[in-house]
Amino acid sequence: MKECKHLPKCEFVLRYVAQVKPHWDDFVSLYCRGDFQDVCKRLEQYKEHGSQPDSNLMPTGRRVPGIVDSE
Ligand code: SF4
């Protein structure tokens, strides 16, 4: 699977994956560089609206849990 073209500037990755490293690295390997990219809710929004979704929208479509977001 080709790497998602949004990876270098995807705010979820830059902010939250970096913040909780290494716990969410699987998001990058499974979604951003893997087959789950096809079902990434962030990517879906990029395509639908042509703009970056809120940084706290996860690839799964859920929101970043408050315990992570408040750190
Ligand atoms: S989280 Fe989704 S939109 Fe962001 S880089 Fe990964 S696959 Fe692309």
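Biologist: Where is the place of S70?

Modeller: S70 sits in the segment after α4. Helices (H or I, at least four residues) and strands (E, at least two) are DSSP runs, numbered from the N terminus. Residues are numbered from 1 along each chain as its sequence is written. This is a predicted model, in which local features need pLDDT of at least 70 and side-chain atom pairs count only at pLDDT 80 or more, while totals for chains, interfaces and linings use all residues.

Biologist: Does S70 count as buried or exposed, and why?

Modeller: S70 counts as exposed because it has 7 C-beta neighbours inside 10 Å. A residue is buried if 20 or more other C-beta atoms lie within 10 Å of its own, exposed if 12 or fewer, and partly exposed in between, with C-beta atoms placed from the backbone.

Biologist: What share of the 71 residues of the chain counts as buried?

Modeller: 18%.

Biologist: Which residues of α1 are buried?

Modeller: They are F12, V13, Y16 and V17. Seen down the axis of α1, these fall within an arc of 110°, so they line one face of the helix. The arc is that of the directions from the helix axis to the C-beta atoms. An α-helix has 3.6 residues a turn, so residues three or four places apart point the same way.

Biologist: What do the buried residues of α1 pack against?

Modeller: Against α2, α3 and α4 (66–69). Contact here is between two residues whose C-beta atoms, placed from the backbone, lie within 7 Å.

Biologist: New topic. Which residues come nearest the ligand?

Modeller: C4, C10, C32, C40 and R42, out of 14 residues around the ligand. A residue is near a molecule or strand if its C-beta atom, placed from the backbone, lies within 6 Å of it.

Biologist: Which helix gives the most to the shell around the ligand?

Modeller: α3, with three residues. α1 (11–19), α2 (25–32) and α3 (41–49) each supply at least two.

Biologist: How do the residues of the shell divide?

Modeller: Into 11 nonpolar, two polar and one charged. Ala, Val, Leu, Ile, Met, Phe, Trp, Tyr, Cys and Pro count as nonpolar, Asp, Glu, Lys and Arg as charged, and the others, Gly among them, as polar.

Biologist: How many helices and strands does the chain come to?

Modeller: Four helices and zero strands.
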